[in-house]
2 protein chains.
Amino acid sequence: MARWEPDTFNRLRVAARELFVEQGYEKTTVAEIAARAGLTERTFFRHFNDKREVLFSGSKELQEMFLTGLRSAPASASPMEAMAAALDAIAPFFSNEQRAFSRERHAIISAHEDLKERELTKLASLADAIAAGLGERDVKAPTAGLTAQLGVGVFHVAFQQWVSDKNKKSLQTLLHEFLDEIKGLVAG
Amino acid sequence: MARWEPDTFNRLRVAARELFVEQGYEKTTVAEIAARAGLTERTFFRHFNDKREVLFSGSKELQEMFLTGLRSAPASASPMEAMAAALDAIAPFFSNEQRAFSRERHAIISAHEDLKERELTKLASLADAIAAGLGERDVKAPTAGLTAQLGVGVFHVAFQQWVSDKNKKSLQTLLHEFLDEIKGLVAG
């Protein structure tokens, strides 16, 4: 794996995302990404195995943000309150500037079975990590798993809405709306 | 694909499941499965691409049972009530006799990344099918998606509990317990 060169890594990632939005993922080559970042292809391959890897390079940070959000909730918070705090913690990551890339990424992933599988695997790992994070808060196993499934389910539906063409709401607004809707659904 | 020979298909499946439980999935060969069923290997390969396919041969029926359960709910049922009816409809599929096979299957899938991905893909398709089934009941898109995520989440956690060594409860009991717990979680 790459030595710790966050600046190089980020330059490549920003360049790749810009090109994916400007000309589409399929048309973009590793050579173009490297050129845009002012780096060599060899440097690209020190950080990423291939172009696809760029699409998934945010999932580790996303998971970290989720866990930091869980830890930031007061000790008195219920599992769902901690989950809501975690969803609040990740929302700023999905800014309006991020939306164009997220939309392109979503379209690409939806069109490729192998990428869909990889995305599902990442979401499942996220749910496992959240369940473990709730475990650190002394939430017992099936409750932690259930809360994690609920949180990832809300995130999944809100995210799909957020990247749809018609939507103009922020991810945070959608997350709040869906958390509220779940209360109504389950109570009603 | 195979011609419609449900009896042959089921004989092969029953034989495979018995052998997986008796001697483990890894040790079982296609030749043994065919011999146990009193059929040829060629017949096996008319129904399944490989041994792995047997592990996933129930997912279409499971999805059908979910959808039948949704349709069986009265028109006045709320989305969650319809979801609960669907969970009730699938529970008998996971009988105590089925548990030994489900447990072996779960252990095998957990140990292989590619099988895990396939299982996650099946669960995601199930959630999509349930959301579409709720759509037939005039439930609007984000609500249908949210209810489907909730239902599949409850199923996922209940199933993991059901196949764990310590558990002695039926899947139906676990599904009811977790549906109740979700109410407490979301309200509390």
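The residues that line the largest cavity divide into 8 nonpolar, 4 polar and no charged, where Ala, Val, Leu, Ile, Met, Phe, Trp, Tyr, Cys and Pro count as nonpolar, Asp, Glu, Lys and Arg as charged, and the others, including Gly, as polar. This is a predicted model, in which local features need pLDDT of at least 70 and side-chain atom pairs count only at pLDDT 80 or more, while totals for chains, interfaces and linings use all residues. Residues are numbered from 1 along each chain as its sequence is written, and chains are lettered from A in the order in which they are written.

The count comes to 1 cavity of 30 Å³ or more, a cavity being a set of points on a 1 Å grid over the protein atoms alone where a 1.4 Å probe fits but cannot get out, with lining residues having an atom within 4 Å of a point. The volume of the largest cavity is about 70 Å³, taken as the space filled by probe spheres set on the points, which are joined across faces, edges and corners. Its lining includes Leu146(A), Ile182(A), Leu146(B) and Ile182(B), and the elements that give two or more residues to this lining are helix H9 (141-162) of chain A and helix H9 (141-162) of chain B; helices are DSSP runs (H or I, at least four residues) numbered from the N terminus.

| Residue | Phi | Loop |
|---|---|---|
| Asp138(B) | about 70° | between helix H8 (113-136) and H9 of chain B |

Asp138(A) counts as exposed because its relative accessibility is 63%, and Asp138(B) counts as exposed because its relative accessibility is 62%, where exposed means over 50% relative accessible area (1.4 Å probe, protein chains only).

Notes. Side-chain values use heavy atoms; hydrogens and water are left out. On a 1 Å grid over the protein atoms alone, a cavity is a set of points where a 1.4 Å probe fits but cannot get out, and a pocket is an open set with protein on both sides within 12 Å along at least five of seven lines; lining residues have an atom within 4 Å of a point. Buried means under 20% relative accessible area, exposed over 50%, partly exposed in between (1.4 Å probe, protein chains only).
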